[in-house]
Amino acid sequence: MAASTRAQVISLYKTMLRESSKFPSYNYRTYALRRVRDAFRANQKVEDPKTVAILMEEGQQAVALIQRQVSIGKMYGAQKIVVE
């Protein structure tokens, strides 16, 4: 994987973690963080540039989805649970 692509992947990973940590609900937040980490670990060994490009595009779409869900979650706040 080229250095620039590696930097883009790391940037996407950090963005996804940052956006996932904004969920107001503890359950959604921990689920999203776990899914992001698991997805990146599962695709850690991918070297094919075409596959990496496809995964990057899917990641960008996932970031947009997370951002939408966070904004919706903030509109309809729920009571805090004991864990929070």
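This report describes the fold, the helix packing, the aromatic pairs and selected residues of a predicted model.

## Basis of the model

The structure is a predicted model, in which local features require pLDDT of at least 70 and side-chain atom pairs count only at pLDDT 80 or more, whereas totals for chains, interfaces and linings use all residues. Residues are numbered from 1 along each chain as its sequence is written, and side-chain values use heavy atoms, with hydrogens and water left out.

## Overall architecture

The protein chain contains three helices and zero strands, and its pattern along the sequence is α-α-α. Helices (H or I, at least four residues) and strands (E, at least two) are DSSP runs, numbered from the N terminus. Taken along the principal axes, the C-alpha atoms fill a box of roughly 45 × 20 × 15 Å.

Of the 84 residues in the protein chain, 20% are buried. Here buried means under 20% relative accessible area, exposed means over 50%, and partly exposed lies in between (1.4 Å probe, protein chains only). Among contacts (heavy atoms within 4.5 Å) between residues at least 6 apart in sequence, 70% join residues at least 24 apart.

## Packing of α1 against α2

Two packed helices are described by the angle between their axes and the distance between the axes. Axes are lines fitted to C-alpha atoms, for helices over the stretch in contact, and angles run from 0 to 180 degrees between N-to-C directions. Helix α1 (residues 3–20) packs with helix α2 (residues 26–42) at an angle of about 165°, and their axes are 8 Å apart. α1 is therefore roughly antiparallel to α2; angles under 35 degrees count as roughly parallel, over 145 as roughly antiparallel, 65 to 115 as roughly perpendicular and the rest as oblique.

The crossing of α1 with α2 is left-handed, a term that applies if the near helix is turned anticlockwise from the far one by less than a right angle, with clockwise giving right-handed. On the α1 side the contact is made by V9, L12, Y13, M16, L17 and S20, and on the α2 side by R29, A32, L33, V36, R37 and F40. These residues divide into nine nonpolar, one polar and two charged. In this division Ala, Val, Leu, Ile, Met, Phe, Trp, Tyr, Cys and Pro count as nonpolar, Asp, Glu, Lys and Arg as charged, and the others, Gly among them, as polar.

## Packing of α1 against α3

α1 and α3 pack at an angle of about 20°, with 10 Å between their axes. α1 is thus roughly parallel to α3, and α1 passes α3 in a left-handed crossing. The residues in contact are T5, Q8, V9, L12, T15, M16, E19 and S20 of α1, together with V52, M56, G59, Q60, A62, V63, I66, Q67 and V70 of α3. They comprise nine nonpolar, seven polar and one charged.

S20, a residue of helix α1, is buried at 0% relative accessibility. Not counting residues up to four places away in sequence, S20 touches R29, A32, L33, V36 and I66.

## Aromatic pairs

The count of aromatic pairs comes to two. Rings of Phe, Tyr and Trp (its six-membered ring) pair if their centres lie within 6.5 Å; planes under 30 degrees apart count as stacked, over 60 as edge-to-face and the rest as tilted. Y13 and F40 form an edge-to-face pair, at 4.9 Å centre to centre and with 65° between the planes. Because Y13 lies in helix α1 and F40 in helix α2, the pair ties together parts that are 27 residues apart in sequence. Y13 is partly exposed, with a relative accessible area of 26%, and F40 is partly exposed, with a value of 23%.

The ring centres of F23 and Y28 are 6.2 Å apart and their planes stand at 40°, so this pair is tilted. F23 is buried, at 11% relative accessible area, whereas Y28 is exposed, at 56%.

## Exposed positions

Q44 is located in the loop between α2 and α3 (49–75) and is exposed, with a relative accessible area of 52%. Q44 and K22 are 22 residues apart in sequence, and their C-alpha atoms are 25 Å apart.

K50 belongs to helix α3 and is exposed, with a relative accessible area of 64%. The C-alpha atoms of K50 and L12 are separated by 17 Å, and these residues are 38 residues apart along the chain.
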